[in-house]
Amino acid sequence: MSDTPYGGEHPTVARAEALLDLGRTEDARDLLFAHMNESEEHKNDPAVLVLTAACFYRMQKWPAVELLTYNALRVNPDHGDAHMLRSEALWRLGRVDEAVTAAREAVQLHLHHPSPYQSLSAALRAAGDFQGALQAADEAVRLGPEVVASHFARYYTLMEMGDPAAAQQVMRDVLAFAPDDADARALLAGLQDEAREARLPELAKEYAAALGSDPGSTYIVAKLEDVALRLVRRTRWVALLCLLYAAVTSRAFPTGDDPTSLPAPLGARMWFFFLMCVGWGLCVWRTYYKLPKGAQLTLLSVVRRALAAKLAVAHSLWGTLCAVLLVTVPWTDRGYEQALVWIGGVPVVLAMWWGSTKRRNEREDARKAKEKRLKAAQERHRERLRESARDKESEAAR
């Protein structure tokens, strides 16, 4: 939060801060440890302790962050950055009441800076006080309308409150003044995906663009790979359509007034073969060639590495092969044709049904887990409110 280096004028600490800004977290931490070992004065310097805590914050080592900020605040109780980092560590350690208190201390020290309100919003969100968290995030946005972290505080609160439409608007607001923000673009694409407002090729383009802004983001890579896998799985529908049309063309299941003599006319069978090639060409063009280069490389990588993608490709090829055999061989026995249709279609349909059921159950389990977590957080918040009310009544009685 500070506008000046954590370590004041000391060149070693300034260098550590520069390393941290460059993402070289471990190098910055090691340099700070060496600096603190030089003397007791450096070891008890609150600015150095807070900068070291910031390194451990990047590494998600929450007990270390809590300990370092505690030591820094013993020396300087008015260090705003220490209160904020301590709050961020405490609610992740499950000590939400202390986290809220630490964040409020930071707010009191820096009333007109958005960062303490961001920490307060996170702590209140962990405590289950979503209205309070939203108010704190709104204040952060008011104080820093072009500070991305303030808008993200609103986003996370709105998502916890179950308002994805408002969360989408928050991400659009971020992209209005920070169009290259990778996280905002990726999160907006994810929300549009959940709302079924964007098709898979559009999602692939958005994630590829986001990955271009932040190539090291594991989250965006995972989302892009998921979209690539879904694109590959969709090719099974093309295979099933080819198999169905081949069954009709080859007269495997004649109905009504349809001709029943076998083999089917060569012209009709060759016409189907031509249409099948056109259909697969359009599928490959839309699934692969219309994607950005980065998404194309990801799709190929997924097919090479992921077993699920390999199985999807195998299913598509199997269904298409059976369709080709139906129309290229001049069958005279309808029983063989029907057997070939079932052999080609049943494994593909079963695989699609099983995969769809599994993904649906996973989404349902995730939804139930989120609801359970939110109910527990809200119940803890109500319990704290009741305890606060009882304490006030006791004070009034005394």
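Colleague: Does α8 pass α9 in a left-handed or a right-handed crossing, and what do those words mean?
Modeller: A crossing is left-handed if the near helix is turned anticlockwise from the far one by less than a right angle, and right-handed if clockwise. The helices themselves are DSSP runs (H or I, at least four residues; strands are E, at least two), numbered from the N terminus. For α8 passing α9, the crossing is left-handed.

Colleague: What kind of model is this, and at which pLDDT do side-chain atom pairs count?
Modeller: Residues are numbered from 1 along each chain as its sequence is written, and side-chain values use heavy atoms, leaving out hydrogens and water. This is a predicted model in which totals for chains, interfaces and linings use all residues, local features need pLDDT of at least 70, and side-chain atom pairs count only at pLDDT 80 or more.

Colleague: How are α8 and α9 oriented to each other, roughly parallel or roughly antiparallel?
Modeller: Helix α8 (residues 114-127) packs on helix α9 (residues 130-143) with the axes 8 Å apart, at an angle of about 165°. Axes are lines fitted to C-alpha atoms, for helices over the stretch in contact, and angles run from 0 to 180 degrees between N-to-C directions. Under 35 degrees counts as roughly parallel, 65 to 115 as roughly perpendicular, over 145 as roughly antiparallel and the rest as oblique. The pair α8 and α9 is therefore roughly antiparallel.

Colleague: How many nonpolar residues are in the contact of α8 with α9?
Modeller: Contact means heavy atoms within 4.5 Å, and on the α8 side Tyr117 and Leu120 are among the residues that meet α9, whose own side includes Phe130 and Leu143. Ala, Val, Leu, Ile, Met, Phe, Trp, Tyr, Cys and Pro count as nonpolar, Asp, Glu, Lys and Arg as charged, and the others, Gly among them, as polar. Alongside 3 polar and 2 charged residues, the number of nonpolar ones is 10.

Colleague: Let's move to another pair; at about what angle do α6 and α7 pack?
Modeller: Helix α6 passes helix α7 in a left-handed crossing. Their contact brings together residues including Met84 and Leu90 in α6 with Val96 and Leu109 in α7. It divides into 9 nonpolar, 3 polar and 3 charged residues. With axes 8 Å apart, α6 (residues 80-92) and α7 (residues 96-109) pack at an angle of about 160°.

Colleague: How many disulfides does a search of the whole structure find?
Modeller: A disulfide is a pair of cysteine sulfur atoms within 2.5 Å. The closest cysteine sulfur to that of cysteine 242 is in cysteine 277, and at 8.9 Å the two are too far apart for a bond. Cysteine 322 is in no disulfide either, with its nearest cysteine sulfur, that of cysteine 242, 12 Å away. The search of the whole structure gives a count of 0.

Colleague: Is cysteine 322 buried or exposed?
Modeller: Buried means under 20% relative accessible area, exposed over 50%, and partly exposed in between (1.4 Å probe, protein chains only). Cysteine 242 has 8% relative accessibility and so counts as buried. Cysteine 322 has a relative accessible area of 2%, which means buried.

Colleague: Is arginine 196 buried or exposed?
Modeller: Arginine 196 sits in the loop between α12 (182-194) and α13 (200-213), and its phi is near 55°, positive in a residue other than glycine. Glutamine 60, in the loop between α4 (46-58) and α5 (62-75), also has a positive phi, near 60°, and with a relative accessible area of 55% it is exposed. With a relative accessible area of 75%, arginine 196 is exposed.

Colleague: What is the C-alpha separation between alanine 184 and arginine 172?
Modeller: Alanine 184 lies in helix α12 and is buried, at 0% relative accessibility. Beyond its neighbours within four places in sequence, alanine 184 is in contact with Phe152, Met171, Val174 and Leu175. Arginine 172 is 12 residues away along the chain, and the two C-alpha atoms are separated by 7.8 Å.

Colleague: How far apart in space are serine 250 and tryptophan 354?
Modeller: Serine 250 is in the loop between α14 and α15 (266-289) and is buried at 1% relative accessibility. Residues within four places in sequence aside, serine 250 contacts Leu262, Ala264, Leu326 and Glu337. Tryptophan 354 is 104 residues away in sequence, and from C-alpha to C-alpha the distance is 29 Å.
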